[in-house]
Amino acid sequence: MPSRGYSDLSRTQLLGILRELQGVLWDHEGPPSPRPAALGPSKLELALSEQQARRGAPQRVVPHPQLLAAIVEASADAISSRTLDGTLLTWNKGAEKVYGYTAEEAIGRNYLMLFPESSEAEAAEINARLLRGESIFDMESVRKRKDGSLVQVSLNVAPLIEKGRVVRICSIARDITARKDAERQIRRMAHFDPLTGLPNRILLVDRLEQALAVSQRNHSRTGVMFMDLDHFKDVNDRLGHHAGDELLQQVAGRVQGLIREVDTVSRVGGDEFIIVLPELRQPGDAAAIARKMLSLVAGEYIVAGQKLLVTSSLGISIYPDHGRDPSLLIRLADKAMYDAKQAGRNSYRLYPPRAS
């Protein structure tokens, strides 16, 4: 049965617990020595007593060693201890769950088996800090499970000190893989189009601002290309929005195959795509890319079991020739795209240079 109140402990109280765990984790083969009565209640006993008082619960203090042992075994977190040379001494049920090793498999082996090969420098840095007597709280890192898969953990590690010397290391690790995956998903939803997986307008503007900053430093140009599919509304009206979505996904795949690594292609709504083209030497570079884009997008698509012939219209604005503000450059590229549509579609237009 999980221990109540464990997750509520402060950092100071947790540090006390890590050090108090020496009594339970010191020797895996035998029980800890009871705490002398003359020493009074332990830090953990005092912390839990405070919590019980706040909640109006009876202040019944469980004997120190048994309480600590119960917390260690009941915890879903991986709690372990090791010698200074890295040999694992203790390994609770939580560690079995987090890392996949049973206690029999882990105890006696070196704790470095939990580190991915790329984490050797991190392991050395952590060990050096612990040997100096430092404690480490809420450190997020990656460890390796028995099956070779990686687990993201939040670590609390403390040295156990006797007579001024570090004699053991105690660690509590919490599996935060699900939380980190959820955070990544939230970030993705905030910055990427869910239909095509392309950057959305928010991320587009951020990358455009970065590209303009680089162009300003390097005295180079950045192109903004606005692309709109021709007669896309007809596809939705004839075949339905599901077919329209499928077409957009196919177009996105073709466009991604053409752009350079430094470019950004985004879907900003409907059948509208914006491409950021950094590091251009002259406006003609953007025109050359536009011609390739028109040729790539134009052609036959199989959508909802039917053949569709698709073309697009493109408009281009150039930094700093046509403006220096991201929003202005997007608007001018959009205007140039409509000029291309009015000229007969399946073509591109470069926005007229700003009068000097």
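**A hairpin and its surroundings**

Tutor: Let's start at K163, which takes a positive phi near 55 degrees in the hairpin of strand 4 and strand 5, where two residues lie between the strands. Keep in mind as we go that this is a predicted model. Strand 5 covers residues 165-175 and pairs with strand 4 in the antiparallel sense, over 10 bridges. To find your place along this pairing, look for P159, which stands opposite I169 in strand 5.

Now follow strand 4 itself, residues 150-162. This strand is mostly covered, with 10 of its 13 residues buried. Strand 4 also pairs with strand 3 (residues 136-144), again antiparallel, and here the bridges number seven.

From here, let's turn to some aromatic rings. There are two aromatic pairs in the count. One is formed by W91 and Y99, whose rings are tilted, 5.6 Å centre to centre with 35 degrees between the planes. W91 counts as buried because its relative accessible area is 6%, and Y99 is buried because its value is 5%. The other pair is Y111 with F115: their planes stand at 90 degrees and their centres are 5.6 Å apart, so this pair is edge-to-face. Both Y111 and F115 are buried.

Five strands form an open sheet in the order 7-8-6-11-12, with mixed pairing. Its edges are strand 7 (264-269) and strand 12 (348-350), each pairing on one side only. On average, neighbouring strands of this sheet are turned by 20 degrees against each other, direction ignored. Within the sheet, strand 6 and strand 8 run antiparallel and are joined by seven bridges. Helix 13 (residues 326-342) lies across strand 6, strand 8, strand 11 and strand 12, and runs at about 145 degrees to strand 11.

D228 lies in strand 6, and D228 counts as buried because its relative accessibility is 8%, under the 20% cut-off. The side chain of D228 makes a polar contact with the side chain of K341, at 3.0 Å. Leaving aside neighbours within four places in sequence, D228 is also in contact with residues including D271, E272 and M337.

The second stop is M225, which stands opposite I275 in strand 8. Not counting residues up to four places away in sequence, M225 touches residues including F273, L277, A290, M293 and I316. The largest nonpolar core has 31 residues, and M225, M227, L247, V251 and M293 touch the most other members. Among the elements that each supply at least two residues of this core are strand 6 (221-229), helix 11 (241-258), strand 8 (272-280) and helix 12 (283-297). A second, separate core has 24 residues, and it includes W91, Y101, Y111 and L114, which brings us back to members of the aromatic pairs, W91 and Y111. In soluble globular proteins, nonpolar side chains tend to be buried together.

Technical notes: Residues numbered from 1 in each chain as written. Predicted model: local features only at pLDDT ≥ 70, side-chain atom pairs only at ≥ 80, totals over all residues. Heavy atoms only, no water. Core = buried A, V, L, I, M, F, W, Y, C linked by side-chain atoms within 4.5 Å. Buried < 20%, exposed > 50% of the residue type's maximum accessible area, 1.4 Å probe, protein only. Helix = DSSP H or I, 4+ residues; strand = E, 2+ residues; numbered from the N terminus. Contact = heavy atoms within 4.5 Å. Polar contact = N/O pair within 3.5 Å; in protein donor to acceptor, adjacent residues only side chain to side chain. Pairing = 2+ DSSP bridges. Axes fitted to C-alpha atoms, helices over the stretch in contact; angles between N-to-C directions. Phe/Tyr/Trp six-rings, centres within 6.5 Å; stacked < 30°, edge-to-face > 60°.
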